[in-house]
Amino acid sequence: MSYAQTALDQLEKGQLADFKKQYALALRHDDDDTLFSLAEELYSLGFLNQSRRIYEKLLAKYPEEDELRTNLADIAIDEDKDDQALDYLNQVKLDSPAYVEALMVAADLYQTQELFEVSEQKLLTAKKVAPDEPVITFALAELYFTMREFRKAIPLYLDLITAGTTELSKVNLVERLGVAYANAGRFEQAIGYLKQIHSGDMTPDVKFETAFTYLQLKDRPAAIRLFNELKDTDAHYTSLYPYLGQALEQENRLAEALTALQEGLGVDQYNEKLWLQAAHVATRLDDEALTEKYLKKGHDLDHDDLSAVIQLSNLYVKQERWDENTALVVPYLQEDNTDPQLYWNLAVTAEHQEDFAKARQYYDAAAPYFMDQADFLKPAIYFYREEGAQKQVVDLLKAYLKVVPDDQEMALMLDSYQD
């Protein structure tokens, strides 16, 4: 038995002191092929120093063997010695049998540095040199997948699957292709691959993508089933809750939708969008107290989100809480951060507070945005008529009658102004 094998046996038994002795003997006495195999085995076990020492010894003896350089580069990358890794890789020339492997290792290094374009160029060069090598095709597909360039990844995964390769490096290519199609918005193609995967074999990410794809295809029962399965196995997968709530709401299962969103808030309480979604469902359930509570929670988390301000303002107007609406909205106008709906809400508020100058100011600001909305135009017409603003009344009447042409009262009013 070789010293190398004895060293590995001692390592398996946890006898580190004996391993070190046998390792030292292997370095002095074992043949080069045995040492090379030992280095590979030690690298796979995470013993980088010992593996590197063997490769360095062999490289000194066989400087033409570039595979040793790529192996040493791998170790340098694992040790965060990127410059050293590149130095090894740059020594591998175009005519070397290890050139493609060097390109692959370099691509991996640049990808870890998020230099994706450089990584892409290394892989494209490797593919030109070895166009039929599936590992290169896979690496390029995975790079595009990481870059979210799904339309580039799809044909590469397809090439591999068509050639009979459905798994590489423990990656299920059918899953990858389905997820890539889903992220590219090609949901019909996506589900064709994703539904081939047994639910129990899906990773949480793939289960989420499959449920999301069913939701986009309006197969909401299937989406709800998978989102619930994901929730049951991983309640902290926070991305599922908005979509589960959406699917249940679209099925008009409002109480269940609210429960799902509340469960989501239990694990993701700092998600302002989730608070606003829950407020929307509470509104549909006619629970104004809960709506207000959730809107305030969302607003507290993000004061710059005007959607929360608008919804809260709408609620205050509906409940005729004029002072609270003014206190909420006016600061946003002062910061020049507003929305036409807020002008409309302030116009109604100021009118009820009998601050007619302010109401006129806000109606003037809102009017250009709502000339096709009868529920704005009609009360605005009466307001301007009380103000004696004949031109505005006529303009708004004409706009209103385009929207509601059979309103005889408004038609007669317009005639009275035009006589």
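Tutor: Let us start with Arg176, which sits over the face of Phe145, 4.8 Å from the ring centre; a charge counts as over a ring if NZ of Lys or CZ of Arg is within 6 Å of the ring centre and within 35 degrees of the ring normal. This is a predicted model, where local features need pLDDT of at least 70 and side-chain atom pairs pLDDT 80 or more, while totals for chains, interfaces and linings use all residues. Residues are numbered from 1 along each chain as its sequence is written, and side-chain values use heavy atoms, without hydrogens and water.

Student: How many aromatic pairs does a search of the whole structure find?
Tutor: Rings of Phe, Tyr and Trp (its six-membered ring) pair if their centres lie within 6.5 Å; planes under 30 degrees apart are stacked, over 60 edge-to-face, and the rest tilted. The search gives 21 pairs. One of them, Phe145 with Tyr157, is edge-to-face, at 6.4 Å between centres and 80° between planes. Phe145 belongs to helix H9 (residues 134-146) and Tyr157 to helix H10 (residues 150-162), so the pair ties together parts twelve residues apart in sequence; helices (H or I, at least four residues) and strands (E, at least two) are DSSP runs numbered from the N terminus.

Student: Is Tyr157 buried or exposed?
Tutor: Buried means under 20% relative accessible area, exposed over 50%, partly exposed in between (1.4 Å probe, protein chains only). Tyr157 is buried, at 0%.

Student: Which residue has a positive phi of about 50°?
Tutor: Ser169 does, although it is not a glycine. Ser169 lies in the loop between strand S1 (167-168) and strand S2 (171-172), and is exposed at 60%.
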